[in-house]
Amino acid sequence: MAVSYKKLWHLLIDKDLKKTELREMCGISPATMAKLTKGDNITTDILLRICKALNCDIADIMEIVIEAETARGK
């Protein structure tokens, strides 16, 4: 399974925010923003800060993607 933050990027577009603005609002580092951009795992604390800044639920910014091999039982 993998994590996708596509919902976060769509939400930023809807709210007319840039990634740098989100980073400043949440107090997260450039390295953490790079992890988000690459779809890497980040801590729940960071996810909650993002949710608080954007006034949204965690399901509004991320989703779990079941990879094809996992879905076939490999």
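The side chains of arginine 49 and aspartate 45 come together in a salt bridge, with a nitrogen-to-oxygen distance of 3.1 Å, in what is a predicted model. A search of the whole structure turns up one salt bridge. Side chains of opposite charge can pair when their charged atoms come close. Both partners belong to helix H4, which covers residues 44-54, and they stand four residues apart, about one turn of the helix. Arginine 49 is partly exposed, at a relative accessible area of 31%, and aspartate 45 is likewise classed as partly exposed, at 45%.

The two strands discussed next bring in residues of other kinds. Serine 4 is found in strand E1, made of residues 2-4, and this serine is buried, because its relative accessible area of 11% falls under the 20% limit for that class. The side chain of serine 4 reaches the backbone nitrogen of lysine 6 at 3.3 Å. Leaving aside residues up to four places away in sequence, serine 4 touches Ile61, Met62, Glu63 and Val65.

Isoleucine 64 has its place in strand E2, residues 63-65, and is exposed, since its relative accessible area of 55% lies over the 50% limit. Together with Met1 and Ile66, Ile64 forms a nonpolar patch on the surface, and the three have about 360 Å² of accessible area together.

| Residue | Relative accessible area | Class |
|---|---|---|
| Serine 4 | 11% | buried |
| Arginine 49 | 31% | partly exposed |
| Aspartate 45 | 45% | partly exposed |
| Isoleucine 64 | 55% | exposed |

Note on methods: Residues numbered from 1 in each chain as written. Predicted model: local features only at pLDDT ≥ 70, side-chain atom pairs only at ≥ 80, totals over all residues. Heavy atoms only, no water. Salt bridge = Lys/Arg side-chain N within 4 Å of Asp/Glu carboxyl O. Buried < 20%, exposed > 50% of the residue type's maximum accessible area, 1.4 Å probe, protein only. Patch = residues over 30% accessible without salt bridge, like charges linked within 9 Å, V, L, I, M, F, W, Y side chains within 5 Å. Areas by Shrake-Rupley, 256 points an atom, 1.4 Å probe, with all protein chains shown as cover. Polar contact = N/O pair within 3.5 Å; in protein donor to acceptor, adjacent residues only side chain to side chain. Contact = heavy atoms within 4.5 Å.
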